[in-house]
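Hi,

Here is the structure I promised to pass on. Have a look at it first, and then read my notes below.

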Amino acid sequence: MTLTPARKMPLSFTLPVVGASGGFFGLFVGTANGSGLMGVVIGFLMLAAIAYVVVNVAGKTKEKPARWALVALFIGLGVLLGGAPGVVMGLLFGWFAGWFAYFIGFGRYRQDLAPYLTSGQVLWEYAFRILCGAIFVFLITPIIVVMPLSFNAQDFFTFTPEMLRFDPEGYSLKHYRDFLTSSEWQGALRNSLMIAPAATILSVGFGTLAAIGLSQPHVPFRRAIMAILISPMIVPLIISAAGMYFFYSRIGLQGTYFGVVLAHAALGIPFVIITVTATLVGFDRSLVRAAANMGADPVTTFFRVQMPLILPGVISGALFAFITSFDEVVVVLFVGSAKQQTLPWQMFTGLREQISPTILAVATILVAVSIALLATVEMLRRRSERLRGMSPG
Amino acid sequence: MKVITSILATTALTVAAGSAFAAGHGMADSLTIVSWGGAYQNSQLKAYVEPYMAANPGVTVNWDESSAEAVAKLRAMNEAGNITWDLVDVEAADGIRLCDEGLAMEIDHDEQLAAGNDGSSASDDFGDSIVSDCFIPQIVFSTTFGYRSDMVGDNAPTDICAIFDTDAYPGKRALNKRPIGNVEWALLCDGVAKDDIYDVLATEEGQDRALAKLGTIKDQVIWWNAGADTPQLLADGEVVIGSTYNGRLFSAIAEQNQPIGMLWDAQMLDFDGWIVPEGLPEDRLARVMDFLKFATDTQRLADQAAYISYGPARASSASLVGKHAELGIEMAPHMPTDPANAKNVFVTQYEFWADYRDDLDAKFQAWLVQ
């Protein structure tokens with residue numbers, strides 16, 4: 001939908017703006033090839049020239065051929081400067097140059113904005129979008145960067161020249177093979193998969209009951225009890241861990257599977273309490289009385305009436321508890337022994353003693369699994385909402 | 001009467017224990033071994049843990065890669081009264097500390113370890129590497145320098161003082177974030193004779209002098225904490241030269257084909273070995289001693305050298321060192337003890353570091369943040 005009609009902008013505006021974007025990218029290309037300043041100048045002149053050609057010679061009528069020509073031109077340049085990886089960069093630059101020249105030159109940037117905005121407001125609007133994009137990039141890059149490195153054919157955290165050339169020799173699945181065949185990693189995976197679900201079940205059971213109990217108005221010292229139950233979330237982990245170590249050693253739980261599960265459950269309970277308490281706020285207590293009125297005992301009431309209504313809180317609490325246990329390294333280093341080495345433990349010692357990309361392969365697998373897990377939960381949630389007619393989608 | 005009873009009881013117990021030992025009963029069937037992880041732990045696995053498990057089916061081995069914080073953890077275990085480790089791999093200096101604190105068990109080397117295959121007693125065979133009554137040596141390793149052979153041109157460094165020569169070798173250097181080693185090298189390159197270094201270091205002025213020499217390259221140094229850091233930095237081309245354990249450099253050069261060269265000059269020799277935690281229950285101790293006798297004999301220590309370029313601590317093992325298990329290259333020339341590499345070596349002086357370590361560590365850390 002167009003809010004403001006697009007109009008051709010004067011060249012005195014188009015050329016500097018498009019040129020500036022060229023200068024920005026030129027800085028990176030120039031620095032990589034020796035001189036940053038030269039890159040800025042060449043980039044500026046090149047994109048300014050492109051903008052002139054696009055706006056005054058090609059015009060709107062020949063937009064498609066002009067943009068394809070730009071893509072081809074930049075791919076050619078990319079091959080010249082950087083070989084195979086240059087093709088990808090050229091493709092992206094060419095697409096961007098064509099799009100940006102038309103975007104600025106024909107005033108398309110104003111199309112989706114209200115007609116009464118001043119130029120300052122328009123500038124802010126785009127600055128805001130770029131800022132949001134930058135924050136997103138800042139958050140996601142560390143995770144993305146790990147993924148290609150996990151296919152490294154060498155045993156270092158380094159982008160080798162072969163990898164940058166897209167040479168198949170530079171890539172390998174050996175770190176994945178190492179993860180899948182090494183008994184240490186498989187043992188760690190097994191431990192993690194045994195400890196996390198058990199800790200989750202305990203956390204959810206105790207956490208949900210505690211939240212329900214603490215939401216009853218007649219319970220004495222509610223706030224104090226709540227504060228104590230939440231404390232593992234607030235006390236620094238290393239202090240809880242050291243305390244647990246000495247306590248569990250005395251009672252013979254240190255270095256046992258059950259001890260680690262118990263420690264992780266203690267860490268998971270606060271998350272369950274908080275999420276369940278939040279859903280209980282919206283829970284209508286008269287439903288419980290209605291159920292009791294119709295002859296249901298408290299247990300039946302809980303499972304048939306209350307539980308289905310607070311289920312979203314229970315499930316998100318369970319997810320948090322699971323992730324807490326699955327990611328946890330400090331407490332397990334103290335409370336666990338060699339027999340309970342979990343994935344994070346293995347990754348922690350692996351990073352310290354041998355910088356091996358197997359850790360990156362594991363990280364990539366874990367990221368993929370978490371994305372799949374969260375996507376599944378979200379899809380199930382939407383499906384159930386749709387089935388219950390709670391949302392139009 | 002009472003005396004006789006107790007003598008009888010003791011005899012009965014001894015006999016029972018002896019016969020139980022002979023039959024292989026009374027030994028725990030699992031063993032928790034603490035080591036360093038990585039290629040080094042793998043060499044132990046291949047050279048003696050797997051053969052031991054093959055000879056003793058039913059025994060399981062758990063690894064804990066916690067050697068780096070072994071002293072702190074053993075103290076905590078001792079305080080909590082719950083020793084979960086059976087055998088701990090530590091550097092010689094840590095072995096001495098643990099022994100002094102009573103956290104490690106004293107061993108009668110001749111009684112409890114196998115004699116050399118040339119008939120020499122265990123204590124003669126191990127020689128100087130027995131730095132403490134609790135310490136059972138395995139390997140000789142060295143902290144030495146590797147340099148990027150493609151970044152130094154034709155001018156490959158042959159002298160330790162190359163690390164202080166930023167004109168001939170521009171670029172960052174990787175050094176250990178501890179004074180040990182660094183201060184000795186600094187004094188050596190500041191003109192102190194090798195034999196006088198520890199005397200000079202014992203004085204306040206000497207320590208300042210060493211730090212002042214390090215100060216000349218301080219802004220060019222990346223300080224490392226773990227042995228794996230320097231190979232990574234060298235592989236990245238982030239540093240031109242850096243110190244680490246020689247086995248790490250060997251693995252980067254021979255197994256990973258990195259363009260790295262070895263600078264063996266003034267390498268710091270050190271020992272690594274086992275200690276047995278004090279206070280193990282009878283059955284676990286019996287298993288540990290049985291394993292130790294097997295794992296530290298002449299052949300086993302020589303076998304280890306087929307997986308990693310650390311020299312066996314027994315003199316009698318030296319002639320048995322063969323080829324690398326996978327690459328098939330002769331291992332002897334890659335040992336820190338090889339005559340060609342050992343033209344100029346330092347042997348870390350444990351007595352000095354036992355006395356001055358805490359002071360120098362504190363001084364060094366304070367200097368780092370200045």
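How many residues does the contact take from chain A and from chain B? Keep in mind that this is a predicted model. The answer is 19 residues from chain A and 20 residues from chain B. On the side of chain A that touches chain B, the elements giving two or more residues are α10 (237-250) and α15 (343-353) of chain A. Of these, α15(A) supplies the largest share, with 4 residues. Sorted by class, that side of chain A comes out as 9 polar, 6 nonpolar and 4 charged residues.

Now for chain A itself.

One helix I looked at in more detail is α4 of chain A, residues 84-105. Its 22 residues reach 32 Å from the first C-alpha to the last, close to the 32 Å expected at 1.5 Å a residue. Quite a list of α4(A) residues are buried, including the glycines A:Gly86, A:Gly90, A:Gly94, A:Gly98 and A:Gly105. A:Phe93, A:Ala97, A:Ala101, A:Tyr102 and A:Ile104 are buried too. What do the buried residues of α4(A) pack against? Their partners are α1 (11-32), α2 (36-58) and α3 (63-82) of chain A. After α4(A) comes A:Gly107, which has a positive phi, near 65 degrees.

That's what I have for now. Happy browsing!

Methods:
Residues are numbered from 1 along each chain as its sequence is written. Chains are lettered from A and ligands numbered from 1 in the order in which they are written. This is a predicted model: local features need pLDDT of at least 70, side-chain atom pairs count only at pLDDT 80 or more; totals for chains, interfaces and linings use all residues. The expected span of a helix is 1.5 Å times one less than its number of residues. A residue is buried if 20 or more other C-beta atoms lie within 10 Å of its own, exposed if 12 or fewer, and partly exposed in between; C-beta atoms are placed from the backbone. Two residues are in contact if their C-beta atoms, placed from the backbone, lie within 7 Å. Ala, Val, Leu, Ile, Met, Phe, Trp, Tyr, Cys and Pro count as nonpolar, Asp, Glu, Lys and Arg as charged, and the others, Gly among them, as polar.
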